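Dear colleague,

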Amino acid sequence: MSKGRVLATGGTGYIGSHAVVELIKAGYEVEIIDNLYNSKAGVLGKIVELTGVGPKFYTVDMCNRAALMEVFTRGNYDAVIHFAGLKAVGESTEQPLHYYENNVGGTLNLLECMRAYGVKKIVFSSSATVYGVQESPKCEESMPTGAGITNPYGKTKFMIEEILKDATVADPSLEVSILRYFNPIGAHPSGLLGEDPNDRPNNLMPIVMKVATGEIEKLTVYGNDYSTPDGTCVRDYIHVVDLVKGHLATLERMRPGVQIYNLGTGRGVSVMEIIEAFSRVSGMQLPYEIGARRAGDLGSLYADPSLAERELGWRTELTVEDAMRDTLAYLRKEGLKLRA
Ligand code: WQD
């Protein structure tokens, strides 16, 4: 008996593909739309390998409302999980219009399709970036958002949250869950799925992976003069498998109105601790140098995950070391060798 039909936008991406696997394993019928801008169709075969199920896949761009509407004519979806979006902070500063058109415009197209076909449930992949600059490094959902967001990527996430809130005022039967991701890392323990961006990586872990394989000479630590224990920036690194299990937890508890949850471990980890954990797990010394601060970086940012624990019965179970181990397994499965 199916638990329901779910459309995963961006479902061949890093987070999306891990979520599709968990959704299928939990008994959902899943369909995927993705434009493959930052993912590869080969992921579909990995999903089959992991679940025995080949989700229907549509190569559709969220900006193409007609094509998106066409998908909904046959979809008969109970819910949408909206992963699709451009997410490179640096690129968003260089190409703001592209980011607003894709992330915000694409979401408006999606919401119009949902309205046309009576789909009432949406889970939105948001980001801790919406917290902008706060007094406290520990982020709670009740905090005001939007102030001090330094890049268009983060502003698109903030704007989409506001659009979803306004949409539920206009249609109180809408059921919206906004999930604010902190720093997703790691890979599927099978080694079959992992972070494999087409674009130049901005994020720490994909860069660590490229340094580990020799594609990048050394890691530049963006500053060690922050007021943190070791001077390097502190973030909340959450294993991608824990992250996607948070999506299942919220999907099973959707209700009319807007729910907002932090998906993080609640623990802050510094850049140096990430480097040390990778070296400990991999057995290799990761080459790095201390460089200048990166514009827009905050010294510390991590989640208060207690609301998700309380209301969703969800908490993280995997560690940074688990994420490093799974990342290495993924690299090896991909045939990538660690540098000597
Ligand atoms: C983490 C830490 C860097 C690279 C952003 C987005 C957020 C989400 C995750 C998409 C920082 C340091 C990094 C490097 C370094 N986006 N670093 N050298 O900035 O916390 O968050 O990515 O899912 O919405 O805002 O993540 O991985 O870019 O950086 O020292 O080569 O690693 O300074 O402190 P960030 P990040």
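Helices and strands are named here as DSSP runs numbered from the N terminus, a helix being H or I over at least four residues and a strand being E over at least two. By that scheme, Arg253 sits in the loop between α8 and β12. The model is a predicted one, in which local features need pLDDT of at least 70 and side-chain atom pairs count only at pLDDT 80 or more, while totals for chains, interfaces and linings use all residues. Residues are numbered from 1 along each chain as its sequence is written, and side-chain values use heavy atoms, with hydrogens and water left out.

The sheet

Seven strands make up an open sheet with parallel pairing, in the order β3-β2-β1-β4-β5-β7-β12. Two strands are said to pair if DSSP finds at least two bridges between them. The edges are held by β3 (56-59) and β12 (257-263); each has a single partner strand, so one side of each is left without a neighbour in the sheet. From one strand to the next, the twist averages 20°. Angles such as this are taken between N-to-C directions and run from 0 to 180 degrees, with axes being lines fitted to C-alpha atoms, for helices over the stretch in contact.

Several pairings can be followed residue by residue. Strand β2 (residues 29-34) pairs with β3 in the parallel sense over four bridges, and Asp34 has Thr59 in β3 as its bridge partner. Four bridges also join β1 and β4 in the parallel sense, where Thr9 stands opposite His82 in β4.

Buried means under 20% relative accessible area, exposed means over 50%, and partly exposed lies in between, with a 1.4 Å probe and protein chains only.

Helices on the sheet

Helix α6 (residues 152-170) lies across β5 (121-127), β7 (175-181) and β12, and runs at about 155° to β5. Helix α8 (residues 240-251) also packs on the sheet, touching β1 (5-9), β4 (79-82), β5, β7 and β12, and its direction makes about 160° with that of β7.

Thr250 lies in helix α8 and is buried, with a relative accessible area of 2%. Apart from neighbours within four places in sequence, Thr250 is in contact (heavy atoms within 4.5 Å) with Val123, Ser177, Leu179, Tyr261 and Leu312.

With neighbours within four places in sequence set aside, Arg253 is in contact with Glu311 and Leu312. The C-alpha atoms of Arg253 and Leu312 are separated by 7.2 Å, although the two residues are 59 residues apart along the chain.

Helix pairs

Two packed helices are described by the angle between their axes and the distance between the axes. Helix α5 (residues 96-116) and α6 pack at an angle of about 20°, with axes 9 Å apart. That makes α5 roughly parallel to α6; angles under 35 degrees count as roughly parallel, over 145 as roughly antiparallel, 65 to 115 as roughly perpendicular and the rest as oblique. The residues of this contact, among them Tyr99 and Leu108 in α5 and Met159 and Ile163 in α6, divide into 12 nonpolar, three polar and one charged. Ala, Val, Leu, Ile, Met, Phe, Trp, Tyr, Cys and Pro count as nonpolar, Asp, Glu, Lys and Arg as charged, and the others, Gly among them, as polar.

Helix α7 (residues 204-212) is mostly covered, nine of its nine residues being buried. The elements covering these buried residues include β8 (183-185), β9 (219-222), β11 (237-239), α9 (271-282) and α11 (320-333). Just after α7, Gly214 takes a positive phi of about 90°.

The angle between α7 and α9 is about 40°, and their axes are 12 Å apart. That makes α7 oblique to α9. Leu204, Met205, Val208 and Ala212 of α7 make the contact with Val271, Ile274 and Phe278 of α9; by class, this contact has seven nonpolar, no polar and no charged residues.
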